[in-house]
Amino acid sequence: MINVTKTFLPPIEEYQEYVSSIFQRAWLTNNGPLLNELELKLKAYLNVPHLLFLSNGTVAIQIAIKALELKGEIITTPFSYVATTSSIVWEQCKPIFVDIDPFTFNIDPYKIEAAITPSTTAILATHVFGNPCAIDEIQNVANKNGLKVIYDAAHCFGTIYKGKSIFTYGDISTTSFHATKLFHTSEGGAVFTMQPALLKKMALLRNFGHITPTSFDGVGINAKNSEFHAAMGLCVLKYADILRSRRKEQWNNYLNLLSGLKVQFLTITNGTEEYNGSYFPIVFETEEQLLKSVEALNLQYVYPRRYFYPSLNTLNYVASNECHESEKIAKTILCLPLFHDLSYVEQEMIARILLRVQNN
Ligand SMILES: *Cc1c(COP(=O)(O)O)cnc(C)c1O
């Protein structure tokens with residue numbers, strides 16, 4: 001069976017060594033030594049000045065919205081994982097969907113201005129599949145209209161855009177270290193900001209608003225992560241270079257193997273210096289072709305995923321506005337299996353099945 005993804009697990013002895021040290025210290029959570037070590041190592045690896053390790057990537061978005069004290073309408077993308085939209089609604093704000101660019105699958109920056117109203121407070125955009133948004137254009141619209149910018153960078157581990165980590169853009173960037181992501185801590189996530197005041201605020205939000213054990217500043221939540229999760233992160237981080245280079249190799253393999261297939265591939269945004277190859281999406285001409293291909297792959301125990309489906313503007317808890325491109329792409333896009341030990345032979349088999357369906 002070949003699934004769309006597979007969690008990378010480090011050698012168990014390496015994890016056990018950390019677990020033994022946790023047992024010796026009997027310090028399981030609350031800003032423990034492994035958590036601190038992971039935060040330091042991630043900052044160095046990603047070349048970012050600040051980050052906070054959190055319990056997951058969804059709470060990271062919620063904390064970003066809270067820290068910026070957003071109210072009213074937030075302009076966002078309909079083409080992302082559901083957590084991007086649900087976090088906005090969870091924080092009592094209203095998502096306003098702006099359609100996507102049909103080549104990068106990211107929010108179309110030229111359609112943002114028309115969606116701004118007096119109630120708009122921010123733009124929350126996703127770098128879909130690790131492919132950078134039109135960051136300069138989005139920042140220009142935000143500056144012109146006094147809006148905050150949050151990036152959901154859940155797919156972006158290791159992405160470098162115009163000389164800097166993608167996590168350094170926007171007022172706040174968030175990411176996920178869920179087990180299905182390129183780098184993971186089982187469950188986990190992070191927030192990034194270049195603004196020290198925001199960093200301090202988010203550190204309080206992460207830990208109930210505690211300043212000291214007996215004093216508080218504002219309402220907070222429990223968004224901390226544990227020593228066990230930090231230990232997994234420390235183990236996986238040692239393999240991050242290998243994982244990333246494997247992905248890139250496999251990404252290029254697919255591109256070559258599928259060159260005869262009549263599908264659209266992802267257009268990498270100009271200015272991307274390091275693309276992490278985290279997903280391999282293909283867009284079919286029709287949904288029927290997609291369904292036929294999925295059926296043929298399933299027969300051979302290959303399980304790709306319809307990322308992202310459905311288009312988020314069609315969720316039953318949002319006021320929907322039509323997003324033609326996003327709805328069209330959501331119906332015709334398929335992410336092919338991509339994970340650390342997917343072999344070339346398996347990629348060849350997947351390509352052969354897809355080509356056979358097309359030529360039938
Ligand atoms: C995975 C993901 C999230 C949520 O992260 P969790 O760590 O699973 O909470 C949010 N946004 C996007 C785009 C994701 O892919």
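Author: Begin with the neighbours of the ligand. A residue is near a molecule if one of its heavy atoms lies within 4 Å of it. In this predicted model, 14 residues surround the ligand, and the closest are T58, D152, H155, S176 and K181. Residues are numbered from 1 along each chain as its sequence is written; side-chain values use heavy atoms, with hydrogens and water left out. Because the model is predicted, local features need pLDDT of at least 70 and side-chain atom pairs count only at pLDDT 80 or more, while totals for chains, interfaces and linings use all residues.

Reader: How many residues of each class does the shell around the ligand have?

Author: Ala, Val, Leu, Ile, Met, Phe, Trp, Tyr, Cys and Pro count as nonpolar, Asp, Glu, Lys and Arg as charged, and the others, Gly among them, as polar. Here the shell has three nonpolar, nine polar and two charged residues.

Reader: Which side chains have an N or O atom listed with an oxygen atom of the ligand?

Author: A polar contact is a pair of N or O atoms within 3.5 Å. An oxygen atom of the ligand is 2.6 Å from such an atom in the side chain of T58. For the side chain of H155 the distance is 2.7 Å, and for that of K181 it is 3.1 Å. The protein covers 91% of the 380 Å² of accessible area that the ligand has on its own, by the Shrake-Rupley method with a 1.4 Å probe.

Reader: Where does the ligand sit?

Author: On a 1 Å grid over the protein atoms alone, a pocket is an open set of points with protein on both sides within 12 Å along at least five of seven lines, and lining residues have an atom within 4 Å of a point. A molecule sits in a pocket if more than half of its atoms lie within 2 Å of its grid points. The ligand sits in the largest pocket, whose volume, the space filled by probe spheres set on the points, is about 550 Å³.

Reader: What lines the largest pocket?

Author: Its lining has 36 residues, of which H155, H178, T180, K181 and Y279 lie nearest the centre. By class, the lining divides into 17 nonpolar, 14 polar and five charged residues.

Reader: What lines the largest cavity?

Author: A cavity is a set of points where a 1.4 Å probe fits but cannot get out. About 60 Å³ of space lies in the largest cavity, and its lining includes T5, K6, R247 and H340.

Methods
Polar contact = N/O pair within 3.5 Å; in protein donor to acceptor, adjacent residues only side chain to side chain.
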